[in-house]
Amino acid sequence: MNKQKLNESAAHKEVGVEKRRRFIKSAGLAAPVVLTLSSPSVFGAAGFSLSQMMSGNTSNVVTGSCTLGQNPSYWRNPAYKSYWPTSFSYGTNGGEGNGNGNGNTACGNYSGGTKFKNAFSGNDSTTMLSYVCTGSTSSDPAVKLKAYLVAALLNASTPNSNYIYTAAQVLQLQAGILGVPPNNSKDPAVVLAFLKNTMNP
Amino acid sequence: MKLETLSKKTVFRALNSDGLRFTIGGFNVCLSSSVPAVAEHLLSLYGAFDVLDNTAFIDFYTALEPPSKLRRFFRPQVNFSFDGYFPFKPLPYKQASAMFEWGLNWCIASHSHQYLIIHASVVVRNRKAFIFPGVPGSGKSTLCAALVSRGWRLLSDEMTLLSVSDGCVYPLPRPISLKNRSIDVIQEFAPDAVMGSIVKNTAKGSIGHVRPPDNSVAQYNTPAQPAKLIFPKYDKDSNTVLTTLSKSRALLKVTENCFNYNILGVKGFNSLSNLIDVSDCYDFKYSNLEEAVALFTDLAH
Amino acid sequence: MFENNLIGLPIIAVIHCRFWDDECVIYNQLTGDVHLIDGMGVEVFKVLSKKAASRIQLLKNLNSVFEWEMDFNAEDFLDNLINEYQKLGLVEVTKNTCA
């Protein structure tokens with residue numbers, strides 16, 4: 001009998017308790033999307049671009065003699081900072097990453113690198129690293145484009161690179177002098193989509 | 001019949017004529033080559049693999065040859081072909097054995113879309129598959145070689161083959177590729193490991209390959225259930241730290257390490273999501289191999 | 001803004017959602033993009049992945065799951081959220097024809 005009473009009182013307690021609501025701070029509500037992984041490029045559709053990276057060997061697989069460049073995710077990775085062409089600086093590390101394996105956090109600890117305005121035209125004092133570090137997942141299309149322009153310039157400036165653009169052409173793209181195929185479009189959204197397709201997924 | 005039962009002369013003759021035919025994981029390969037180093041590489045590292053007769057269906061007809069007669073003597077080079085198609089630019093002749101491995105990676109990554117292919121090592125203990133995705137330099141192959149030397153079953157060093165239909169990981173127990181300092185590390189950690197010739201001055205530095213254990217090769221037809229997805233990062237100053245990773249973030253991270261995710265589309269997304277469903281996900285930082293092996297052996301119980 | 005509208009996943013079934021703990025991952029089959037979402041966005045997609053809902057229904061659901069700071073304007077926040085998801089092609093807003 002006692003046991004039955006105990007059970008009944010437990011059930012009563014269960015019914016009476018509301019599911020607690022989670023408190024959410026306004027500061028935690030900033031981004032509708034935390035992170036976006038963009039679709040891999042059309043040129044990589046045959047699935048071998050990573051294999052080319054693995055081999056460390058460029059190839060003539062795509063039509064013409066160009067090869068895919070690296071995307072902003074690659075260039076932001078501190079593990080590859082020594083691969084930045086010597087005319088551009090990645091920056092210096094002010095501290096350790098937080099150990100969660102998130103490269104985004106690690107690159108955020110660097111500062112003092114080459115500024116966007118010292119590579120491209122205009123007065124933008126944000127560093128190149130800053131753009132590849134967080135810009136490719138930004139919801140601001142202008143910021144996203146700059147991230148990919150930085151990546152394109154680093155690709156084009158890499159010694160012995162077979163990237164589709166020269167460094168001079170990337171600068172002309174950014175300045176709005178050069179357009180992208182097929183209609184020589186200078187629309188930022190079209191330029192961004194094209195640049196993505198010139199890079200490894 | 002195992003490759004190691006063939007005489008050196010027989011292997012050379014086969015490579016120089018119609019090609020040597022053998023099974024690698026679930027793939028049948030025919031390789032032709034006049035390069036002696038290639039024959040040495042096969043004899044040293046592929047001894048436990050089954051040789052096929054001329055009637056067997058072949059998945060990949062491959063060849064490793066100098067691009068022209070002149071290139072045999074003047075700044076000698078070698079080139080890899082698949083069905084007569086050359087996916088790469090030639091490499092120095094001395095890198096022929098490494099080029100065979102890279103060429104085979106390319107063949108499998110480009111033509112095996114019955115699998116979601118992850119750039120990851122995968123090893124098995126107590127029937128649990130531990131998958132270690134990683135960019136070059138993450139230390140996944142060093143970890144893989146260390147675990148395998150301590151009795152773990154090798155499923156694959158470079159490419160994890162996740163079946164789109166049943167969610168299991170299918171074996172591809174090929175030689176484990178080590179670079180630069182990792183070669184010395186593993187030679188010290190596992191002095192009994194059989195290593196092929198070191199190829200120097202590649203785009204990645206020095207490359208050496210560790211022979212896969214015979215019993216791993218023998219189980220090439222036995223898939224495994226994924227259990228752990230662990231993103232390693234070697235850091236010489238790091239303690240051994242295993243940190244739980246949220247499944248959502250693990251999904252995005254592993255997606256970045258897939259070869260053919262974009263080809264598979266929603267099937268690829270669902271395959272990876274199912275993998276995440278059944279796996280515990282972690283980030284892993286380490287500098288000490290013994291500690292790493294002990295931790296994972298414990299985790300496998 | 002979305003007072004009389006229904007908010008839902010695109011009719012052509014190109015949005016695929018997976019939920020783990022307090023996060024969700026959304027795959028857009030048309031673009032191939034994968035999005036990681038947390039916080040209130042997760043609850044929105046939990047509702048929408050079952051069926052389309054009105055703004056009021058979504059607000060009611062959010063209110064039952066979360067509590068927030070006094071000065072927080074949940075309605076504006078939800079409207080912005082839906083706007084952003086619409087731009088990404090993750091949701092559709094259609095006229096609510098129900099009486």
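Q: In what order do the elements of chain A run from the N terminus on?
A: They go α-β-β-α-α-β-α-β-α-α-α-α-α. Helices (H or I, at least four residues) and strands (E, at least two) are DSSP runs, numbered from the N terminus.

Q: And how many helices and strands is that for chain A?
A: Chain A has 9 helices and 4 strands.

Q: What kind of model is this, and how are things numbered?
A: This is a predicted model, where local features need pLDDT of at least 70 and side-chain atom pairs count only at pLDDT 80 or more, while totals for chains, interfaces and linings use all residues. Residues are numbered from 1 along each chain as its sequence is written, and chains are lettered from A and ligands numbered from 1 in the order in which they are written.

Q: Okay. What share of chain A counts as buried?
A: The figure is 38% of its 201 residues. A residue is buried if 20 or more other C-beta atoms lie within 10 Å of its own, exposed if 12 or fewer, and partly exposed in between; C-beta atoms are placed from the backbone.

Q: What about contacts in chain A between residues at least 6 apart in sequence: what percentage join residues at least 24 apart?
A: That is 55% of them. Two residues are in contact if their C-beta atoms, placed from the backbone, lie within 7 Å.

Q: Let's look at H7 and H8 of chain A. How do their axes cross?
A: H7(A) covers residues 141-157 and H8(A) covers 167-174. Their axes come within 8 Å and cross at roughly 165°. That makes the two helices, H7(A) and H8(A), roughly antiparallel. Axes are lines fitted to C-alpha atoms, for helices over the stretch in contact, and angles run from 0 to 180 degrees between N-to-C directions. Angles under 35 degrees count as roughly parallel, over 145 as roughly antiparallel, 65 to 115 as roughly perpendicular and the rest as oblique.

Q: Is that crossing of H7(A) and H8(A) left-handed or right-handed?
A: H7(A) passes H8(A) in a left-handed crossing. A crossing is left-handed if the near helix is turned anticlockwise from the far one by less than a right angle, and right-handed if clockwise.

Q: Which residues make the contact?
A: H7(A) brings Leu149(A), Ala152(A), Leu153(A), Ala156(A) and Ser157(A). H8(A) brings Ala167(A), Val170(A), Leu173(A) and Gln174(A).

Q: Where is Ser139(A)?
A: Ser139(A) sits in the loop between helix H6 (128-134) and H7 of chain A. It counts as partly exposed because it has 13 C-beta neighbours inside 10 Å.

Q: What does Ser139(A) touch, leaving aside neighbours within four places in sequence?
A: Ser139(A) is in contact with Val33(A) and Glu84(C).

Q: On to chain B. How do H4(B) and H10(B) cross?
A: H4(B) is residues 140-149 and H10(B) is residues 289-299. Their axes come within 10 Å and cross at roughly 65°. H4(B) and H10(B) are therefore roughly perpendicular. H4(B) passes H10(B) in a right-handed crossing.

Q: Which residues of H4(B) and H10(B) meet?
A: Leu143(B), Ala146(B) and Leu147(B) of H4(B) meet Leu289(B), Ala292(B), Val293(B) and Phe296(B) of H10(B).

Q: Which residues of H9(B) are buried?
A: Gly268(B), Phe269(B), Ser271(B), Leu272(B), Leu275(B) and Ile276(B). They cover an arc of only 165° around the axis, which puts them on the same side of H9(B). The arc is that of the directions from the helix axis to the C-beta atoms.

Q: What is the phi of Asn126(B)?
A: Asn126(B) has a positive phi of about 50°, although it is not a glycine. It lies in the loop between strand S6 (115-125) and strand S7 (128-133) of chain B. Asn126(B) is exposed, with 11 other C-beta atoms within 10 Å.

Q: Last one: how many residues do chain C and chain B put into their contact?
A: Chain C gives 12 residues and chain B gives 12 residues. On the chain C side, strands S2 (15-20), S3 (23-28) and S4 (34-38) each supply at least two residues. S3(C) gives the most, with 4 residues.
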